[in-house]
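Biologist: Please go through the surface, the helix packing and the charged pairs of this model with me.

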Amino acid sequence: MGTLALSPLLVAGLVRRGNLLAKFWLLGTLLVTLIFTHVVLNHWHYYLMCCPAVALLCGTTLSECEELWTRTAAWKPAFIGLAGLALLGSALDGILTMKIAVDYDSFPRQMASIIREHTGPDDKLIVYSEGRVWGGEELFRSARKGFYVLQLNSTSTEPSITGLRDLLSSAEAMSRLKALGYNKLVLISESPVRFAAEAVDPGSNRRRQFFPQSISNEVDSWPVDYRSADLLIKEIP
């Protein structure tokens, strides 16, 4: 819904009789979430499943309010003003948190600047970033070539994805990567802005995720080109 300010519209639509399509739609969304819990809750865009039902319920309530405004002309400006403020607050709340704060996050740009400063145009990078599903921004902002490793450890639930630790521990894989010119390992901590956007939710106990301090005995001994709390760049021997 974007904000709690609009929740009375949804609650009113739920408790009133009728609108069975929207109510069964929400029930279906709940059942899907119970079956595919991890998939649904791990992807923010899955909330779209319930948006049509919520829109129908809120729209029903608003249409009834509109009839009330029409009958009570003296209160009409106040009702319209209140509804307008609620809608404006909802839009700004969602935009600031999910778009401006996250999509215009300066952290990737700062990390890219450091990567560009401590690597050369001909370097090829193996990059791992905490707290991000989709990577790549630091690479193209720094004008460097390389690839992202999606997760730190391999898992049985995703056998097609090789974790960073297994990748760097495989002699065959490392031999192939070195032959292709990969000579730098880059580890990036989670963006503090992205962390804050998630941790601000009520009841959240999220902690910011920093890059791993240890990969393996061999990798830990590789020469360090740059180190901070947010970024580590190592030379691949």
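**Surface, packing and charges**

Modeller: A nonpolar surface patch of about 920 Å² is formed by Leu20, Phe24, Leu27, Leu30, Leu31, Leu34, Ile35, Phe36 and Val39. Patch residues have over 30% relative accessible area and no salt bridge, with nonpolar side chains (Val, Leu, Ile, Met, Phe, Trp, Tyr) joined within 5 Å; areas come from the Shrake-Rupley method with a 1.4 Å probe, only the protein chains shown counting as cover. This is a predicted model: local features need pLDDT of at least 70, side-chain atom pairs count only at pLDDT 80 or more, and totals for chains, interfaces and linings use all residues. Residues are numbered from 1 along each chain as its sequence is written, and side-chain values use heavy atoms, without hydrogens and water.

Biologist: Which helix gives the largest share of the nonpolar patch?

Modeller: Helices (H or I, at least four residues) and strands (E, at least two) are DSSP runs, numbered from the N terminus. The largest share, 7 residues, comes from residues 20-35, helix α2.

Biologist: Is Lys184 buried or exposed?

Modeller: Buried means under 20% relative accessible area, exposed over 50%, and partly exposed in between (1.4 Å probe, protein chains only). Lys184 has a relative accessible area of 6%, so Lys184 is buried.

Biologist: Which residues are linked with Lys184 in a network of salt bridges?

Modeller: A salt bridge is a side-chain nitrogen of Lys or Arg within 4 Å of a carboxyl oxygen of Asp or Glu. Lys184 pairs with one partner at 2.4 Å and with another at 2.5 Å, N to O. The residues linked with Lys184 are Asp225 and Glu235.

Terms used
Patches are made of residues with over 30% relative accessible area and no salt bridge: like charges are joined within 9 Å, nonpolar side chains (Val, Leu, Ile, Met, Phe, Trp, Tyr) within 5 Å.
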